[in-house]
Amino acid sequence: MAKPKLIAGNWKMNGSKADIDTWAAHIFAGEAGATAKKLLPGVSDSENKAEILLCPPAILLDHTGKALKTTGVKWGGQDCHAEASGAHTGDISTGMLKEMGCTYAIVGHSERRQNHGETSENVANKARAVHAAGLVAIICVGETDDERTSGKAEDIVTGQLKNSIPDTATPENTVVAYEPVWAIGTGKVASAEDIAQMHGIIRDSVTKQVGDGVRLLYGGSVKVANAPEILHTPNVDGVLVGGASLKAEEFQAIALAAQKGAKAV
Ligand code: PGA
């Protein structure tokens with residue numbers, strides 16, 4: 001059966017408990033007992049066209065879980081450690097994410113690769129830990145501006161896929177997010193042609209590695225204005241939204257655009 005499109009918000013290092021409350025109240029219009037299904041029609045029924053996910057900072061996951069429980073909106077981690085436990089000050093394990101009610105964890109975001117020196121091998125180990133905990137890994141890949149202008153985008157992305165996706169990956173426990181680094185937080189969006197081309201390449205590569213039916217997300221300056229076109233681009237099965245996910249109104253509009261779209265893979 002076709003999977004619903006996945007609309008994922010990544011708050012990065014932003015937000016507070018109060019912001020979560022404001023966001024949830026807006027999404028559900030503050031109605032007592034309102035469900036995501038009602039206000040974001042289709043969110044959690046079998047005919048749905050969009051699955052909604054929020055990835056706040058880890059320290060807000062407990063609060064997020066309480067705010068979103070019973071709504072149909074899911075929550076997940078932005079990163080995790082590859083080990084199940086141990087002497088890793090400041091890190092968070094996939095078991096801890098699971099205990100907070102997470103169903104997804106992002107791994108290999110370019111900000112982790114750049115700011116923390118994470119390699120694709122590190123990312124694969126993290127994804128393996130996500131799978132072992134029974135969560136879905138959103139594995140991020142994407143080329144830098146220099147890599148694109150020097151014609152290396154395809155090689156970089158296929159290399160990252162090859163080395164970041166572990167042998168534990170299945171179409172059910174893995175989502176791949178293509179996020180060109182030059183489009184993240186810059187307001188520059190890849191053109192529909194560029195997205196279609198790269199997603200076609202990613203589809204071929206991921207199908208060989210994992211099989212059919214892995215959802216492919218696009219990320220990088222996604223907002224209400226460009227979401228409908230991006231969500232209708234071939235091989236785009238959802239979006240990973242940073243800045244625009246902080247504003248409930250924007251995020252809701254993006255989710256609604258997805259629900260008007262076709263089904264994912
Ligand atoms: P952005 O971030 O939407 O703010 O560009 C996307 C991301 O990094 O996931």
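Colleague: Which helix is Ala129 found in?

Modeller: Happy to start there: this is a predicted model, in which local features need pLDDT of at least 70 and side-chain atom pairs count only at pLDDT 80 or more, while totals for chains, interfaces and linings use all residues. Residues are numbered from 1 along each chain as its sequence is written, and side-chain values use heavy atoms, without hydrogens or water. Helices are DSSP runs (H or I) of at least four residues and strands are E runs of at least two, numbered from the N terminus. Residues 120-132 form the helix that holds Ala129, and its name is α6.

Colleague: Is Ala129 buried or exposed?

Modeller: Buried means under 20% relative accessible area, exposed over 50%, and partly exposed in between, with a 1.4 Å probe and protein chains only. Ala129 has a relative accessible area of 10%, so the class is buried.

Colleague: How far is the C-alpha atom of Ala129 from that of Cys80?

Modeller: Along the chain, Ala129 and Cys80 are 49 residues apart.

Colleague: What is the relative accessible area of His199?

Modeller: His199 lies in helix α9, residues 192-209, and its C-alpha atom is 7.6 Å from that of Pro234, 35 residues away along the chain. His199 counts as buried because its relative accessible area is 0%.

Colleague: Which residues come nearest to the ligand?

Modeller: A residue counts as near if one of its heavy atoms lies within 4 Å of the molecule. There are 13 residues around the ligand, and those that come nearest are Lys12, His109, Glu179, Gly185 and Ser221.

Colleague: What is the phi of Ser221?

Modeller: Ser221 sits in the loop between β7 (215-219) and α10 (227-231), and is buried, with a relative accessible area of 15%. Most residues other than glycine have a negative phi. Ser221 is not a glycine, yet its phi is positive, at about 55°.

Colleague: Which residue's backbone nitrogen does the side chain of Ser221 reach?

Modeller: Ser221 is also one of the residues that come nearest to the ligand. Within the protein, its side chain comes to 3.5 Å from a backbone nitrogen, that of Thr186.

Colleague: Where does Asn235 lie?

Modeller: Asn235 is another residue other than glycine with a positive phi, near 65°. At 27% relative accessibility, Asn235 counts as partly exposed. Its place is in the loop between α10 and β8.

Colleague: Is Lys69 buried or exposed?

Modeller: Lys69 belongs to the loop between α3 (61-68) and β3 (74-77). Its C-alpha atom is 9.2 Å from that of Gly101, with the two residues 32 apart along the chain. The relative accessible area of Lys69 is 55%, so Lys69 is exposed.

Colleague: How far apart in space are Leu246 and Ile20, C-alpha to C-alpha?

Modeller: Leu246 is found in the loop between β8 (238-241) and α11 (248-259). Leu246 counts as partly exposed because its relative accessible area is 34%. In sequence, Leu246 and Ile20 are 226 residues apart, whereas the C-alpha to C-alpha distance is 9.1 Å.

Conventions. Polar contact = N/O pair within 3.5 Å; in protein donor to acceptor, adjacent residues only side chain to side chain.
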